[in-house]
Amino acid sequence: MTRELFLDISHLNSNVFSSMIYLDNAATTFPKPECVYEVMDRFLREKGANPGRAGHRMSVEAEQEIEKARVTVAKILCIKNPERLIFTSGATDALNMGIKGLLSKGDHVITSKLEHNSVSRPLDALEQRGIITVSRVENSDDGFINVDDIKNTISSKTKLIICTHASNVIGTIQPISEIGRVAREKGIIFMVDAAQTLGVCGIDVENCNIDLLAFTGHKGPFGPPGSGGLYVGERAGLRPWREGGTGYEAD
Ligand SMILES: Cc1ncc(COP(=O)(O)O)c(C=O)c1O
């Protein structure tokens, strides 16, 4: 992908912003629709308290907004129980939570060679520390993962199949429904990196047998930087990979 994505034609128009053509939307969408700026401005001015950490009006209202967002995203992803959806600081955060919260010593992981660094680097790091083994299936010349390659790579130690729904580099949509079927038949956890597709393609976590799905808020959903989330299906028990936060219970 080109790095020179700001096509500066300001010499044609004195207003730089009205003449800038921004093409870097796979990295982050810009500009956001006007309603995003309006809602965020209003939220920060009127409900900008610490959500759920106090009983006063602003804190309660801030929490209600988060719950509304949780229900909305759950509907988009066809998640039956919105409580299985947590918000994170982005897809990188969600992917690390899923990968590091799930895997234990001796586990085998199947992934592809099309992955973003936020998948490949956590896996590489666990592999280099001798905790897991990783198989990286090739993709076809036209950019697709072959489900049979995944099937043929499964072993008795395979705990996780993880792949991108669409690569940020080539954009091909991977056959997650077929991969999910194979994973479920074999009792393997299936995690999808939907950073490029939430808000762009329809995704049904139930139909695709997805156990873990990471997404970002700042691309297709037109949210602010530093937003994203993780769907954690009932089959995917995760250990917390950082402790803290709010609430009454530790887990
Ligand atoms: C395929 C893919 N996965 C993960 C990420 C990481 O997303 P975030 O910026 O929300 O951490 C990106 C961002 O470019 C991406 O394109």
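**Around the ligand**

Sorted by class, the residues in the shell around the ligand come out as three nonpolar, nine polar and two charged. Keep in mind as you look that this is a predicted model. The shell has 14 residues, and the closest of them are Thr92, Asp193, Gln196, Thr216 and Lys219.

Now zoom in on the ligand's oxygen atoms. Thr92 places a polar side-chain atom 2.5 Å from a ligand oxygen. For Thr216, the distance between an N or O atom of the side chain and an oxygen of the ligand is 2.6 Å. His218 has a side-chain N or O atom too, 2.9 Å from a ligand oxygen. How much of the ligand's accessible area does the protein cover? On its own the ligand has 400 Å² of accessible area, and the protein covers 87% of that.

Next, turn to helix α7, which spans residues 176-186. Its buried residues are Ile176, Ile179, Gly180, Val182 and Ala183. They sit on the same side of α7, because the arc they cover around the axis is only 160°. What do they pack against? Their partners are α6 (147-153), β6 (158-164) and β7 (189-193). Just after the helix comes Gly187, with a positive phi of about 70°.

While you're in this part of the chain, have a look at the loop between α6 and β6, where Ser156 is found. Ser156 is exposed, at a relative accessible area of 80%.

Most peptide bonds are trans, and most residues other than glycine have a negative phi.

Start with the peptide bond between Phe30 and Pro31, which is cis, with omega at about -10°. Pro31 belongs to the loop between β2 (21-22) and α2 (34-46).

Then go to Asn209, in the loop between β7 and β8 (212-216). Asn209 isn't a glycine, yet its phi is positive, near 55°. Is this residue buried or exposed? Asn209 counts as buried, with a relative accessibility of 17%.

Last stop: Phe222, in the loop that runs between β8 and β9 (228-232). Phe222 is another non-glycine residue with a positive phi, about 65° here. With a relative accessible area of 33%, Phe222 is partly exposed.

Definitions and conventions:
Residues are numbered from 1 along each chain as its sequence is written. Side-chain values use heavy atoms; hydrogens and water are left out. Buried means under 20% relative accessible area, exposed over 50%, partly exposed in between (1.4 Å probe, protein chains only). Helices (H or I, at least four residues) and strands (E, at least two) are DSSP runs, numbered from the N terminus. The arc is that of the directions from the helix axis to the C-beta atoms. Contact means heavy atoms within 4.5 Å. A residue is near a molecule or strand if one of its heavy atoms lies within 4 Å of it. A polar contact is a pair of N or O atoms within 3.5 Å; within protein, one must be able to donate a hydrogen and the other to accept it, and residues adjacent in sequence count only if both atoms are side-chain atoms. Accessible areas come from the Shrake-Rupley method with a 1.4 Å probe; for residues, only the protein chains shown count as cover. Ala, Val, Leu, Ile, Met, Phe, Trp, Tyr, Cys and Pro count as nonpolar, Asp, Glu, Lys and Arg as charged, and the others, Gly among them, as polar.
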